[in-house]
Amino acid sequence: MHLSPDEIIFWQYGFLKLNATIVFTWVLMLVLAVGSKLITRKLSSDLKRSRWRNLLEIVVTMTEKQIEEVGLRNPKKYLPFLGALFLFVALAALFTIFPGYEPPTGSLSTTAALALCVFVATPLFGILERGWGGYLKSYVQPTFVMLPFNIISELSRTLALAVRLFGNMMSGAMIIGILLTITPFIFPIVMKALGLLTGMVQAYIFFILSTVYIAAATRVSKPGPEAEHIEK
Amino acid sequence: MLIDWFTIAAQALNFLILVWLMKRFLYKPILHAIDEREQRIAKELADADAKKVEAQKESEEFERKNKEFDEQRDALLTRATEEAKTERQRLLDEARNAAEVLHAKQRDVMEREQRSLNDEITRRTQKEVFAITRKILADLAGTSLEERICEVFRRRLRDLDGEEKEGFAEILKTSSDPVLVRSAFDLPSEQRDGIQHALNETFSAEIHVRFETEPDVISGVELTANGRKVAWSIADYLTSLENSVSELLKEPSKPEAEPEAEPETQTGPKAKSGTQPAAVEEVE
């Protein structure tokens with residue numbers, strides 16, 4: 001019994017190693033890339049389109065809509081990053097229906113890596129949108145006293161992001177493992193279904209939280225058209 | 001150890017690659033296709049709207065033209081009907097006039113023919129009647145027609161009485177002109193004397209008489225003096241006969257209607273008395 005797919009190591013050469021996390025991540029990446037490529041291979045502006053393409057379009061447009069609803073004005077700019085987060089986490093949870101598969105999101109290394117990416121992307125988008133001064137100023141809002149708290153908040157929420165996803169995915173796998181030893185019939189299936197649901201919910205949560213962080217970084221005290229309108 | 005730093009780095013890299021892959025293979029083409037499709041739909045909708053507007057315009061134009069055409073057709077039809085009516089009336093009037101003219105002409109011709117026929121009949125009848133009478137008288141009574149006529153005339157003169165006689169007497173006294181006795185034939189001298197004698201006797205005076213022969217006085221004798229007349233002639237009989245004949249001609253479908261040869265019925269006020277075909281009448 002292992003807590004993380006990191007512990008399943010297929011190949012190791014000193015510092016370098018190839019564990020189940022990385023391998024399954026590659027599998028997911030391959031499926032996503034090849035699937036997208038296959039589906040979007042014969043793209044045209046025709047009104048008639050395949051079911052798979054409709055599915056992809058729904059996913060893409062829904063993601064875009066969600067980003068916009070959270071408050072990001074130019075969703076197309078953030079869509080690849082946030083959309084990839086959602087798709088990766090969701091697919092990682094969805095693939096648990098295949099036996100022998102270990103979700104890479106069940107590894108704290110993966111969730112930490114994703115959280116780190118968000119941790120880096122948030123100030124990056126903020127600076128891109130508002131410039132260095134504008135972004136850094138947000139750390140001393142509303143007063144200078146808040147600076148340490150803001151920094152702590154930034155770090156803690158990244159940690160929370162990583163641990164939340166890891167805990168949920170790992171616990172799902174753990175519960176199924178434990179249940180299999182106790183009641184090998186019926187119950188694991190129910191738990192599996194529940195696991196799929198929590199996986200989807202976690203994917204959504206991870207995606208929406210990241211969006212909110214980025215939105216907060218890019219929007220705070222920036223006089224957008226709406227703010228200008230209110231000032232007038 | 002839950003956290004493996006190499007795996008973290010590898011996963012971060014993997015994720016960044018995934019982001020690029022997704023951007024390259026999924027989001028870009030899909031969004032591009034969606035945008036294109038939306039543009040196309042918008043364009044098609046706009047086109048459809050434009051076409052609809054155009055169709056509406058064309059439909060309205062067509063309707064307007066149709067209406068105009070209908071109105072024109074109605075107007076033309078009405079005008080044509082009016083013209084046809086007028087023309088018909090004109091033609092009818094023309095035909096009627098022509099028919100009337102023709103009819104009048106025909107009537108004239110017929111009347112003329114009728115008249116000439118009547119004249120001819122009168123002439124022949126007169127001739128025949130004279131011939132027959134003359135012959136009958138000669139055969140049966142051994143006397144001539146003229147003789148008998150003069151005798152009858154003389155009797156008439158003698159039979160004059162009352163107002164007529166006085167009227168004549170008055171005229172004969174006042175008038176200086178001789179009395180005119182006209183006859184259809186030349187009166188022989190004994191007849192003339194007879195008439196003279198009768199006159200003298202009737203009016204108890206010497207009457208100047210002038211004798212004239214006038215074929216118009218159809219086989220008769222008449223005495224005229226200043227508007228008054230005493231006469232006997234066959235003309236009255238002939239008129240009666242003529243009337244009967246023309247009635248026969250006019251009513252060929254009523255052969256039963258037999259005209260009676262009564263000179264009195266035709267001569268009216270001329271009739272003096274009984275069956276005598278003589279008249280004493282006022283001449284204007």
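Helices (H or I, at least four residues) and strands (E, at least two) are DSSP runs, numbered from the N terminus. The structure described here is a predicted model, in which local features need pLDDT of at least 70 and side-chain atom pairs count only at pLDDT 80 or more, while totals for chains, interfaces and linings use all residues. Residues are numbered from 1 along each chain as its sequence is written, chains are lettered from A and ligands numbered from 1 in the order in which they are written, and side-chain values use heavy atoms, with hydrogens and water left out.

Chain B was examined for its overall make-up. Its secondary structure comprises 6 helices and 5 strands. Along the sequence, these elements follow the pattern α-α-α-β-α-β-β-β-α-α-β. Chain B has 284 residues, and 32% of them are buried. Here buried means under 20% relative accessible area, exposed means over 50%, and partly exposed lies in between (1.4 Å probe, protein chains only).

The contact involves 48 residues from chain A and 31 residues from chain B. The size of an interface is often given as the accessible area lost when the parts come together. Buried area is the accessible area (1.4 Å probe) that two parts lose on being put together, summed over both. For chain B and chain A it is about 3,600 Å², with 76% on carbon and sulfur atoms.

Charged pairs also occur at this interface. Side chains of opposite charge can pair when their charged atoms come close. A salt bridge is a side-chain nitrogen of Lys or Arg within 4 Å of a carboxyl oxygen of Asp or Glu. Between chain B and chain A there are 3 salt bridges. One of them joins Lys17(A) to Asp4(B), with the closest N and O atoms 3.0 Å apart. On the side of chain B that touches chain A, 21 residues are nonpolar, 3 polar and 7 charged. In this scheme Ala, Val, Leu, Ile, Met, Phe, Trp, Tyr, Cys and Pro count as nonpolar, Asp, Glu, Lys and Arg as charged, and the others, Gly among them, as polar.

Over all chains, the count comes to 23 salt bridges. In chain A, Lys76(A) pairs with Glu64(A) at 3.6 Å, N to O. This pair links distant parts of the chain: Lys76(A) lies in helix H3 (residues 75-94) and Glu64(A) in helix H2 (residues 51-70), 12 residues apart. Lys76(A) is partly exposed at 38% relative accessibility, whereas Glu64(A) is buried at 14%.

Helix H1 (residues 5-141) of chain B holds both Arg73(B) and Asp70(B), 3 residues apart, about one turn of the helix. These two form a salt bridge, their closest N and O atoms being 3.9 Å apart. Arg73(B) is partly exposed at 45%, and Asp70(B) is partly exposed at 33%. Arg90(B) and Glu87(B) also lie in helix H1 of chain B, 3 residues apart. Their salt bridge spans 2.7 Å, N to O. Arg90(B) is partly exposed at 39%, and Glu87(B) at 37%. Finally, salt bridges link Glu61(B), Arg64(B), Lys65(B) and Glu68(B) in a network.

Technical notes:
Contact = heavy atoms within 4.5 Å.
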